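The following exercises ask for a reading of one predicted model.

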Amino acid sequence: MADFINEWGSAIWEGFIQTTQMTLISLAFSILIGLPLGVLLVLTRKGGQWDNAAVFTIVNSLINIIRSIPFIILLFFLLPFTKTLVGTTIGVKGVIVPLVVACAPYIARLLETAMLEVSKGIIEAYQSMGISTPKIIWHVIIREARSSIILGLTIAVIGLIGETAMAGFVGAGGLGDLAYQFGYVRFQPDVMYAVIIILIIIVQIIQSLGNIIARKLKKN
Amino acid sequence: MIKLQHVSKTFRVGKNKIEALKDVSLEVNKGEIFGVIGFSGAGKSTLIRCVNLLERPTSGEVFVDGHDVLKLKKKALRQMRRKIGMIFQGYNLLETANVYDNVATPLKLEGVPNEEIKARTEKYLEIVGLTDRKSAYPSQLSGGQKQRVAIARALAHEPEVLLSDEATSALDPNTTDAILELLLRVNKELGITIFLITHELNVIQRICDRVAVMENGRIVEQGSVVDVFTRPQQPMTKRFISTESKFQIPSTVKDDLLKSGRLVKLTFLGESSKDPILATLAKQYDVLPSIIAGGIDQLKNQSVGKLLVHLKGDKTQVEIAVGFLHDQDVLVEEVKD
Ligand SMILES: Nc1ncnc2c1ncn2[C@@H]1O[C@H](COP(=O)(O)OP(=O)(O)OP(=O)(O)O)[C@@H](O)[C@H]1O
Ligand SMILES: [Mg+2]
């Protein structure tokens, strides 16, 4: 055990840091892009506050299209776009772009679903009190949906961790890459098992944390 | 306070048109409680929602406190809405906020200063009697308590008018009474005009000054509650009040009674209910009155007594006796077959 940690400890730790970096940075950008898109979907849908069939259809189909492309294909397909946007297609920087492109539409969709669950009645009550739409979105809709949003984000994060495993193809490293390179390609199964166990623990922790926070936020 | 003039509202659902309101005009005076009653689908909710423009009328005019609300720009409309409180059948509280925050949050969003928010929230929670539950969440409250929170939330804006869309329809009779009592106090003590809609006659009876009866998007009858109760004109109104059903007597019994005299339904209002009219009748004329059925309805400021009386005697004597009754301060209706 001690030998194993001596030999692989630092590599695994480095992989862990890279995975965490990739996940958190892409999550942040995905929320930044996904949140407004989700709100736009809710507002422009039929019967929404800014009912607009054109905008809704465009955003809605775009999200569907992106979500139907497997991540590994998206990764290569986006290479030129990534290059112009961040100047490189490799390393952590290079993989953030495809991760965000894959994750933001997912987050938009989960926000949309969570926000649509909020009762029309409460929104109307706030409209009837003369509260403006932006305030209603933030302080009523997102607030009331926050528990479902957290649960959705938990799934998004776990999905992102899975996708970072493919980041190895563009040399971004991370735990998944480590398991693939050493465990599979160079046949060091103990490294692979160690990484898998670590990933299982991470996913368990994130899911439990998500559940706890969601329950706390729900208040009933 | 509220004036609707020739208001119509047509919903378009695909190719179908639903005329929810057809040329509705009514006026709610400052300080009164005005109720609209009607069966499900009559258009009541649509009507009340046209007051604060949660629903925009297809045509017609809406005035609140003298302002033509349809002409207000977005911001002015929001300002106006703060003067119009609204409560709903479904309470519509934030599930994620406790009682205190449910009342305070809208004020915060309107930019009311902090001390003022605290003062008002506490004041109105006190008025609705929920001070000791202020850190409870809606899921921990009963329906009646939730409606109280909603009322406190509406009052905290210190509105001039309170709109109520079936506020008691989801509550049991006792809780309904308590909430109606609260609305009465809000009206009397805070001087807030109340415009409510309901399908429960009891609500109209207990707290309304005036009433409009709605059917298929039209107002078929309106007037003071006492008038509408004692002299319902439209079949629709009669169905609601269903006076007949209270005095339902088996038709064989009725036939017998009609053979030996006449059946009259007497409606006594307020003071006249204290006069011994039937005793006088028996004494002065050669008829034998007997009471077949009776009851008292309690209205907001008045009680209404109803009696079904059989008058037995010689035809002409009975005729004169009926004439005597007509001269009294009672409403007389003949019950034929
Ligand atoms: N947003 C809408 N779109 C289409 N039709 C509507 C809409 N709102 C109401 N209606 C229709 O308008 C009519 C009147 O509805 P409204 O809700 O005003 O009735 P109500 O008297 O309040 O009934 P209830 O007692 O059941 O609440 C109904 O036929 C209803 O289906
Ligand atoms: Mg209704």
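The model is predicted, so local features need pLDDT of at least 70, side-chain atom pairs count only at pLDDT 80 or more, and totals for chains, interfaces and linings use all residues. Residues are numbered from 1 along each chain as its sequence is written, chains are lettered from A and ligands numbered from 1 in the order in which they are written, and side-chain values use heavy atoms, without hydrogens and water.

**Exercise 1.** Describe chain B as a whole.

Step 1. Chain B contains 13 helices and 14 strands; helices (H or I, at least four residues) and strands (E, at least two) are DSSP runs, numbered from the N terminus.

Step 2. Its C-alpha atoms fill a box of roughly 80 × 50 × 35 Å along the principal axes.

Step 3. Of the 337 residues in chain B, 52% are buried, where buried means under 20% relative accessible area (1.4 Å probe, protein chains only).

Step 4. Contact means heavy atoms within 4.5 Å. Among contacts in chain B between residues at least 6 apart in sequence, 69% link residues at least 24 apart.

**Exercise 2.** Determine how strand 8 of chain B is covered and which strands pair with it.

Step 1. Strand 8 spans residues 193-198, and six of its six residues are buried.

Step 2. In a regular strand the side chains alternate between the two faces of the sheet. Here Thr193(B), Phe195(B) and Ile197(B) lie on one side, Ile194(B), Leu196(B) and Thr198(B) on the other, and both faces are covered.

Step 3. Two strands pair if DSSP finds at least two bridges between them. Strand 3 (residues 33-38) pairs with strand 8 in the parallel sense over five bridges, with Gly35(B) opposite Leu196(B).

Step 4. Strand 7 (residues 161-165) also runs parallel to strand 8, joined by five bridges; Leu163(B) has Phe195(B) as its bridge partner. From strand 7 the chain passes through helix 6 (residues 173-190) to strand 8 in a right-handed β-α-β crossover, that is, clockwise from the first strand over the helix to the second with the strands pointing away from the viewer.

**Exercise 3.** Why does Leu196(B) count as buried, and which residues is Leu196(B) in contact with?

Step 1. Leu196(B) counts as buried because its relative accessibility is 2%.

Step 2. Beyond neighbours within four places in sequence, the contacts of Leu196(B) include Phe34(B), Val36(B), Ile48(B), Ser164(B), Val203(B) and Cys208(B).

Definitions and conventions: Buried means under 20% relative accessible area, exposed over 50%, partly exposed in between (1.4 Å probe, protein chains only).
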